[in-house]
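Please view the sequence and the model together while reading.

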Amino acid sequence: LRRLELLTAQEAAQVQAVSPLPEQVRAVVDVLAGKGSHASQCLQSFIETSNSQLYLHITVYEPMVQKHLESLQSSCGNGLETGALQRLTSLLLVEGLTDIQQKEHDILQVETTKGLPNVSKSIPLEKLFLPLSKVSIPPRISVTIGVAGIGKSTLVKLFVCSWAKGEINRDIMFVLPLTFRELNTYEKLSAEHLICSAFPHITEPGCISAGAARTLLILDGLDEFKTPLDFSNAVVCTDPKKEVQVDNLITNIIRGNLLQEVSVWVTSRPAAARQIPGGLVDRMTEIRGFGAAEMKDFLDQMFPDNRDLSSQVLQHIRANRSLHVLCTIPGFCWISGSSIAYFLKHSGDQSQEAAVVPGTLSEIYSYYFKMALSGDWPGKPRETLRIEQAVNTSKKLVGSLGRLAFYGLLRKKHVFYEQDVKAYGIDLSLLHSSLSTRLLLKEDMQASTAYYFSHLTIQEFLAALYYYTAAKRAIFDLFTESGMSWPKLGFLNHFRSAVQRALQAEDRQLDIFVRFLSGLLSPQVNKLLSGWLLGKDEHGGFRSQAVSVLQGCLNSGQAVSSRAINAMRCLHEIQHTDTAKAVEEAMRSESLAGMLTPMNCSALAYLLQVSDVCLEETNLSNCLTYDVCKSLLSQLLFCRNLRLDNNQFKDDVMELLGSVLSVKDCQIQRLR
């Protein structure tokens with residue numbers, strides 16, 4: 001570089017044509033080419049800058065990077081089994097959220113789409129933060145979505161661990177993994193304090209905020225953040241040292257007002273991801289669920305010493321289409337596999353009448369809780385608990401954790417801290433019992449301790465158990481936590497209130513809760529849990545009235561909504577399946593014509609998701625009118641192979657079908 005001073009103007013002009021050149025070298029050459037007199041000054045400045053950067057890299061960055069790698073390897077190196085994680089090494093590349101992902105509960109999303117995302121493109125994990133082509137640039141804001149229990153946090157752990165070992169993305173100098181659980185413990189933060197508090201070994205946070213080293217900031221679990229992100233009204237902040245509200249800090253980082261040189265990766269359940277405006281997201285990916293082979297491998301790993309048991313469990317899952325679809329979610333597959341295995345191990349102890357393979361959600365979770373209460377846990381020695389001891393513990397559990405689960409659900413709160421636990425009168429020592437640790441997981445963080453249910457559905461089942469037992473003595477609306485409401489007496493009034501609340505909820509977050517609440521009225525579940533969590537047939541007399549309440553949700557003449565389908569699923573949970581069976585039999589015999597009343601249309605929409613009759617082909621020939629077709633439209637788009645011939649359709653119906661085929665969610669591949 002010092003030799004640049006010796007260049008003639010002609011030689012400098014030749015160097016000028018070379019591209020690319022470092023900015024400071026370009027400045028020196030430009031001056032020389034113009035026979036300027038400031039060449040030495042420019043050159044000296046450049047050398048001083050280069051030396052200071054080199055000094056900074058050797059004396060500051062490298063020791064920091066080394067400490068950072070050691071810190072990450074110690075925190076993420078355990079508990080990752082390569083075989084179970086193969087599914088996470090490739091993500092689905094999506095173009096944004098679908099309507100269903102934005103509006104529906106996670107479980108309903110999987111049930112409606114039958115666990116099959118409508119996406120063909122994928123991207124390897126190691127290329128997640130690289131340009132897609134030679135002419136594009138790396139994404140600054142990446143969002144990865146996935147339903148509860150699909151493996152978002154496991155994916156983050158896998159990525160961080162692989163990066164720390166030097167296996168992927170060596171161009172990134174710092175990977176900073178943070179969870180929204182941790183961010184919930186702060187009220188105000190600056191960008192630099194955020195880095196310093198989470199990673200105290202990074203002694204020069206300025207190098208990250210200034211973009212001196214390529215950095216990836218990971219924000220895991222947006223759905224667990226205590227404050228919704230409001231991009232419309234967030235206060236603008238461009239000073240990395242200024243403390244602002246944590247939600248404002250996050251919005252400013254995502255907008256690029258802070259840490260603009262830093263790449264940001266956010267993971268979230270689909271509905272929560274809609275908080276981030278689509279225009280700010282450079283790349284969106286989705287975690288796919290289990291395929292058939294992966295589900296088998298997962299169950300084999302659950303029961304490594306008993307392959308016969310894992311084969312029987314898989315056989316039962318495959319025999320139940322609804323269950324099989326939900327078991328594409330690893331978290332749900334673990335719960336279902338454990339419950340069915342527990343049933344199979346103890347089926348010889350039961351009467352022939354009681355020995356029915358769990359098929360509904362409520363039956364699966366009843367066996368799961370019974371297994372937890374009895375101490376008979378997969379892969380662990382059975383605890384010797386006296387029945388009386390287990391019953392007393394279980395009643396305390398429903399009274400304490402159940403109340404926490406229910407009011408957490410109403411507030412959309414899925415992570416709890418010590419102050420939350422104490423506010424509900426829960427003895428902290430109770431949370432250290434082996435029973436509680438199976439239902440409520442604990443995570444120690446720098447500022448506090450976080451508690452969260454092992455899966456969203458565990459919280460929903462506990463909430464339903466609490467509501468079911470509290471409804472018999474409550475004199476006010478249980479949905480009003482303060483207790484100030486019009487008097488509401490009797491279980492049936494409380495059941496009706498829960499159904500109405502679920503129907504009115506825009507975000508559909510009470511749908512599975514109501515499904516569990518309905519299931520607790522079924523004779524089979526009552527037999528399973530009586531004496532443990534329920535009194536014997538304590539609300540059995542209300543079963544027929546509860547059925548009437550649910551059937552009242554099916555008689556609307558409007559389009560069949562996912563709410564009506566959820567009401568059909570509630571009837572299935574309560575073991576009232578007469579309507580569905582009649583419609584299914586008519587489908588088999590191709591005699592649906594003339595019987596599609598509003599209630600039967602709801603049953604048909606439900607069967608499109610769960611019936612084996614529709615597995616290979618959905619045959620709706622010679623049975624649809626314009627009104628019926630219009631009411632079923634939102635459900636027909638998920639039928640891959642659809643027969644609609646001999647229905648005497650006119651142009652107006654063809655226009656409806658045309659609109660369906662252009663919808664992003666549409667999965668129709670063959671239409672007759």
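At what angle do helix H12 (residues 292–302) and helix H15 (residues 330–346) pack, and how far apart are their axes? The two helices pack at an angle of about 50 degrees, with their axes 11 Å apart.

## Basis of the report

The model is predicted: local features need pLDDT of at least 70, side-chain atom pairs count only at pLDDT 80 or more, and totals for chains, interfaces and linings use all residues. Residues are numbered from 1 along each chain as its sequence is written, and side-chain values use heavy atoms, with hydrogens and water left out.

## Overall composition

The secondary structure of the protein comes to 29 helices and 15 strands; helices (H or I, at least four residues) and strands (E, at least two) are DSSP runs, numbered from the N terminus. Of the 672 residues in the protein, 53% are buried. Buried means under 20% relative accessible area, exposed over 50%, and partly exposed in between, with a 1.4 Å probe and protein chains only.

Among contacts (heavy atoms within 4.5 Å) between residues at least 6 apart in sequence, 73% join residues at least 24 apart.

Angles under 35 degrees count as roughly parallel, over 145 as roughly antiparallel, 65 to 115 as roughly perpendicular and the rest as oblique. Axes are lines fitted to C-alpha atoms, for helices over the stretch in contact, and angles run from 0 to 180 degrees between N-to-C directions.

On the H12 side, the contact is made by Met295, Phe298, Leu299 and Met302, and on the H15 side by Pro330, Cys333, Trp334, Gly337 and Ser338. By class, this contact of H12 with H15 has seven nonpolar, two polar and no charged residues. Ala, Val, Leu, Ile, Met, Phe, Trp, Tyr, Cys and Pro count as nonpolar, Asp, Glu, Lys and Arg as charged, and the others, Gly among them, as polar.

## Packing of H5 and H22

Helix H5 (residues 106–113) packs against helix H22 (residues 511–519) at an angle of about 85 degrees, with axes 8 Å apart. H5 and H22 are therefore roughly perpendicular to each other. Ile107, Leu108 and Glu111 in H5 meet Asp511, Ile512 and Arg515 in H22. These residues divide into three nonpolar, no polar and three charged.

Within this pair of helices, the side chains of Glu111 and Arg515 meet in a salt bridge (2.7 Å, N to O), linking parts of the chain that are 404 residues apart. Glu111 is buried, with a relative accessible area of 6%, and Arg515 is also buried, at 2%.

## Further salt bridges

A salt bridge is a side-chain nitrogen of Lys or Arg within 4 Å of a carboxyl oxygen of Asp or Glu; by this rule the count comes to 19. One of them joins Asp171 and Arg214 (2.3 Å, N to O). Asp171 is partly exposed, with a relative accessible area of 40%, and Arg214 is partly exposed at 22%.

Another salt bridge joins the side chains of Lys241 and Glu192 (3.1 Å, N to O). Lys241 lies in the loop between E6 and strand E7 (244–245) and Glu192 in helix H8 (residues 191–198), so the pair ties together parts 49 residues apart in sequence. Lys241 counts as exposed at 59% relative accessibility, whereas Glu192 counts as buried at 13%. Salt bridges that share partners also join Glu617, Arg643, Asp645 and Arg672 into one network.
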